[in-house]
Amino acid sequence: MSLDENELPRTEDEWRIRLTPEEFRVLREAGTERPWTGEYVDTKTPGVYHCRACGAELFRSDDKFDSHCGWPSFDDAIPGAVKEIPDHTLGMARVEIRCARCDSHLGHVFEGEGFTPKDTRHCVNSLSIRLEPKQV
Ligand SMILES: [Zn+2]
């Protein structure tokens, strides 16, 4: 069974084939990687972060900032790339962010913390994204 890279899986079983078990748990089951363990927590490399599930462009390195929360944080997303969904799990009122193209879980978005002038923190799992470094 082969999957065309440009074609989105239609079932969770097809996603399971394409992703590693860790990626599947985060992207398709809304898991959260442990803080400070992700490969992009401190990354400053210029480039564009893509959805690890479908390859859509999600975040730019220009919008990444040091939040010291243990996960990659961005104060903005590429317009239209992520969708926000109210999340009341764990007894907290949070807003989940998902890839607008393939509906995979990315993390949560928080406002009003005062980290940057945009006052928004997209808190993203490294396992949900993949950096494509800028060509120089
Ligand atoms: Zn996606």
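## A buried cysteine to start

Cys102 comes out as buried, at 6% relative accessibility. Keep in mind that this is a predicted model. Cys69 is buried too, because its relative accessible area of 18% falls under the 20% limit.

A disulfide is a covalent bond between the sulfur atoms of two cysteines. For Cys69, the nearest cysteine sulfur belongs to Cys123 and sits 4.1 Å away. The cut-off for a disulfide is 2.5 Å between the sulfur atoms, so Cys69 is in none.

## The annotated span

UniProt, in an unreviewed entry, lists residues 12–134 as "domain: MsrB". That stretch is 11% helix and 34% strand, and its end C-alpha atoms lie 32 Å apart.

## The nonpolar core

The largest nonpolar core holds 26 residues. Those with the most contacts inside it are Cys51, Leu58, Phe59, Val82, Cys99, Leu106 and Ile129. Which elements give two or more residues to this core? They are helix H2 (21–27) and the strands E1 (47–51), E2 (57–60), E6 (94–99), E7 (105–111) and E9 (129–133). E1 provides the largest share, three residues.

Take Cys99 as a way in. Leaving out residues up to four places away in sequence, Cys99 touches Cys51, Cys54, Ala56, Leu58, Ala81, Lys83, Ser104 and Leu106. Among these, Cys51, Leu58 and Leu106 are also on the list of residues with the most contacts inside the core.

E1 and E2 run antiparallel and are joined by three bridges.

Strands of a sheet pair through backbone hydrogen bonds, either parallel or antiparallel. Here, six strands make an open sheet with antiparallel pairing, in the order E3-E4-E8-E7-E6-E5. Which strands stand at the edges? E3 (64–65) and E5 (82–87) do, each with a single partner strand, so one side of each has no neighbour in the sheet.

At the E3 end, the pairing with E4 (residues 73–74) is antiparallel and spans two bridges. Phe65 has Ser73 in E4 as its bridge partner.

Terms used: Residues are numbered from 1 along each chain as its sequence is written. This is a predicted model: local features need pLDDT of at least 70, side-chain atom pairs count only at pLDDT 80 or more; totals for chains, interfaces and linings use all residues. Side-chain values use heavy atoms; hydrogens and water are left out. A nonpolar core is a set of buried Ala, Val, Leu, Ile, Met, Phe, Trp, Tyr and Cys residues joined through side-chain atoms within 4.5 Å. Buried means under 20% relative accessible area, exposed over 50%, partly exposed in between (1.4 Å probe, protein chains only). Helices (H or I, at least four residues) and strands (E, at least two) are DSSP runs, numbered from the N terminus. Contact means heavy atoms within 4.5 Å. UniProt positions are given in the numbering used here, feature names are shortened, and annotations may be inferred rather than shown by experiment. Two strands pair if DSSP finds at least two bridges between them.
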